[in-house]
Amino acid sequence: MLGNHESIAAPRGVLPPRFRAADGGEAGSVRVPLDGTWRFRLFAEAETGVSPADPGEDWDAIQVPGHWQLAGAPDSWPYGKPVYTNMLYPIPLDPPHVPSANPTGEYRRHFAVPRGWLGSGRVVLRFEGVDSWCEIAVNGTVLAQSHGSRLPTEVDVTDAVAHGVNLLAVRVTQWSAMTYVEDQDQWWLSGIYRPVTLEHHPEGGIGHVEVLADYDHTSGHGTLQVAVEGYDGRPHPDAVVRIAELGLETPAGDVVTAAVEPWSAEVPRLYDVEVRSSAQTVVLRIGFRSVSTAGGVLTVNGSAIKLYGVNRHEFEPGRGRAVTREAMLADVVLMKQHNINAVRTSHYPPHPHFLDLCDEYGLYVIDEGDMETHGFVFEDWVGNPVNDPAWRDVLVDRVRRMVRRDAHHPGVIMWSLGNEADRGCNVEPMFAAVRELDPTRPVHYEADKTYEFSDVYSRMYPDLTELQEMARRVDGPQPADGPLPTAEIYARRMTLPFLLCEYAHAMGNGPGGLTEYVDVLDAHERAAGGFIWEWIDQGIATRDVDGNLFYGYGGDFGEELHDGSFVADGLLFPDRTPSPGLVEAAAVYAPVSIRQRADDVLTVRNRYAFRTLEHVALRWELVADGETVAEGTTDLAPLAPGQAAELRAAEVVGETRLPAETAVWWVLSAYWRPEARPDWAAPEHLLGRGQVQLQSGSRPQDATGTITVLEDGWRVGPLRLDGAGRLVSVGGTQVSLARVDAWRAPTENDQRKTFTSISDQKAWDIPGLHRLHESVRSVSRDGDAVVVTARAAGAGRTLGFGVRYTFRAVDEKTADVTVDITPQGLWPGTLARIGWLLALEQPDAASVDIAWTGQGPGESYADSSRAARIGRWRHTVEQWQTPYLNPQENGARRGVTEATFSLDAGPLTLAGTESTVGGRTTDGVTLTARPWSDQALATARHPNELEADGLLWLHVDAAVHGLGTAALGPAPTPGTGLWPTPATVQLRITAG
């Protein structure tokens, strides 16, 4: 028998969809919040047997908004646990049917209708979001059944309520027919998770408002037309529209023009529009702006724009999608602070307050429909609702509800029909419904490979070669096309702007290659930009058996099916701490590009579409051996959008003399001028930074100290070698392990196969790089040096490395070490790193202080170092770690020329004089410090499982493999991967 929750009909008993004014924007339409404590009981099946008249007096208490699976998080799970899948459905694929075992929540709440509401207008209940199907009853009478988990539902309850206390009953099922179109790569969580309000709609009030606020960039005039409906859905007979700031007042429906300031993400100029009737006044904040895709270029207000974007799921670690206003504001502010100008609301319309914030602070929005059917890909899309005519009306209903709710927001510059739902007969009517409601904005649908029902050519995760072809309009058939497109389809595609709706998968340590991708997007007008996947790690707060808090991912909650840590793929950690990936994105997306042009020249380019650089201040520094030795400011012409200027170091620093015989860098940084800085921007907010090395440091003097022959080995300065040539101590610190290394705890990008080759992890597993053993072949005195030759290889394998260590004394406290490494044999792929591994005995290694000169302050890799700058930095070993939700390689610092460690036995300094890889020599080394081994890091599933082992683990590398984004996308970009090649590390060690 088909239950109501398995119906694919549009919701019944509900009011037509309408706009949502911001809080405080509806005078005369009173809202009473019904959030807070409700009574709740969970049942095993949809047929609970409970009457909607049952008040549930002895039931549990639960908070609304919220998900029942998270009601006790992080300490208990009284109503079941979360489930995470990316593509797979956690139920059998049998639309529209769902299992009989269908957790169902019965919610109860008493409420009172304010005096004066009854007998004057209508009383309405509004639910902003319920997952996934609900039945709504008042005083025992069922009034409505609704679905569309990320869409609002309004129910007229006027005839069901009375003065005094009323009973609201809501039945919510976890699974419904709509589960099949809500497979959106997130946690499966249920309940009334967005706000609930009781509202009064007065007679003669304003039911719906449609705003057309166009802008003509040639004249500077805005065109305004406001259509107003009454609550009966008909044009309102006496509504008046007024913008006091512009001196405009006109009947609703009339078209008026005026000189205005346009809205853009760069300058989010809003006007208050008052819509007034005899019974009600509504105030909307609107912006005048135009959007076009004419000529295959995405423009706003007549100027081509670039979307430097992110994909955003709604998420908080203890609340799931029941996000608070504080979290929404934090997201918007963090995006602005990290130079992000666009957000795709993946993959559903967000809480409406988020769009209010995007309008106010300035973010371009792709508002996406509540639809994804990705799991049907495993059945070759058979049964996909998008291609089933029976689903037409309900899918059209969903996009109509989105557009009717959100069309007045100037930040929304594009609609999206949904995500990863393939093609089918229902795409055309959905597209037509959106176009009918709003012909002013382009429509996006990445799965439409005919481009009849999408105004942009959208792709996910192409490699750089494909990206360059598409951006240059010379793209041929692409891997995502499936069957080769017809000439007509190909020609149509060539006329459209190109957009990366997803790229640079930010899973774990990464993404790498952002600079290279964005450089291509910047270089071609057709390229409209792209959206990094994704904004935040969706880790759920939970505790281990010892009570330690950690963030759980797929598999941590006993799921039958799950996709592991694929849900932890954001630029923010769950607590909204920026990851290194977000810091890197901020540098790559910076609106003031500062790049090296020549040995002593930096090019400053204005990447804004509308602003000059009048609001920008430029500061310069000369950094010698990591310390700022001179600094100042420099003037820059107020470059127009797209313009660039070259600055030469000598002209900027003037008479400042460079310190002799030391490495000197010129650093140029762009900040907000104090008088222009917006409230959301901190004084130190970078609008761009670049650096260039003006002078190399002198090479250290050759080691001329004396080697001491011991009864059981040698003493070379502070180093002690045993008779077999093994390093056993440095100063007063014992050495537990010292050998070459070529492995790392794989990142999640390392673990995944690219489209063209085996995974990096597989390439490292085949030769056994994770189980290297070193065999000393000879130890000899060669003049003033001790020379040790060795071979390192993985257990059970023949591939390996020839190694030569050369130890020379400088004095009693200082020694030079040269490590020459030569890969031997035919290798299957890349190396993770190539360098020297030291494990020093140090009981409290996590608290060891590190002061270093080189790139910092955060981690940096070959394809993720735009945010790093040269300087002198200080961290403890504990602070050096990056706590990715799934432990993996982290914490590398490149270009380290000196690092001092505060060991128990006294300070230890490693001076990385230079590294040579494949014949190319650079200053410094890549340094990593940990209180645990790489093996422990690779074994742990969560950071709370890592325990210090009494050793300080140091990697001193000539080079480290790039990060890439192979978790979804390509491997490290050319030139940033590490392939087997001879390498040399030169190091000066001082103890004491």
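**Exercise 1.** At what angle do the axes of helix H7 (residues 514-523) and helix H8 (residues 580-588) cross?

*Solution.* The model is predicted: local features need pLDDT of at least 70, side-chain atom pairs count only at pLDDT 80 or more, and totals for chains, interfaces and linings use all residues. Residues are numbered from 1 along each chain as its sequence is written, and side-chain values use heavy atoms, with hydrogens and water left out.

Step 1. The two axes, lines fitted to C-alpha atoms over the stretch in contact, cross at roughly 30° and come within 10 Å.

Step 2. Angles under 35 degrees count as roughly parallel, and H7 and H8 are therefore roughly parallel to each other.

Step 3. Leu514, Thr515 and Val518 of H7 meet Gly581, Glu584, Ala585 and Val588 of H8, where contact means heavy atoms within 4.5 Å. These residues divide into 4 nonpolar, 2 polar and 1 charged.

**Exercise 2.** Determine which residues Ile532 touches beyond four places in sequence.

*Solution.* Step 1. Ile532 is among the residues with the most contacts inside the largest nonpolar core, which has 124 residues. Such a core is a set of buried Ala, Val, Leu, Ile, Met, Phe, Trp, Tyr and Cys residues joined through side-chain atoms within 4.5 Å; buried means under 20% relative accessible area, exposed over 50%, and partly exposed in between (1.4 Å probe, protein chains only).

Step 2. Ile532 touches Gly309, Val310, Asn311, Tyr503, Ala504, Ala506, Leu514, Leu571, Ala585 and Tyr589.

**Exercise 3.** Describe the setting of Arg689 in strand E44.

*Solution.* Step 1. Arg689 has 24% relative accessibility and therefore counts as partly exposed.

Step 2. Leu668 lies 21 residues from Arg689 in sequence, yet 5.7 Å in space, C-alpha to C-alpha.

Methods:
Axes are lines fitted to C-alpha atoms, for helices over the stretch in contact, and angles run from 0 to 180 degrees between N-to-C directions. Helices (H or I, at least four residues) and strands (E, at least two) are DSSP runs, numbered from the N terminus. Angles under 35 degrees count as roughly parallel, over 145 as roughly antiparallel, 65 to 115 as roughly perpendicular and the rest as oblique. Ala, Val, Leu, Ile, Met, Phe, Trp, Tyr, Cys and Pro count as nonpolar, Asp, Glu, Lys and Arg as charged, and the others, Gly among them, as polar.
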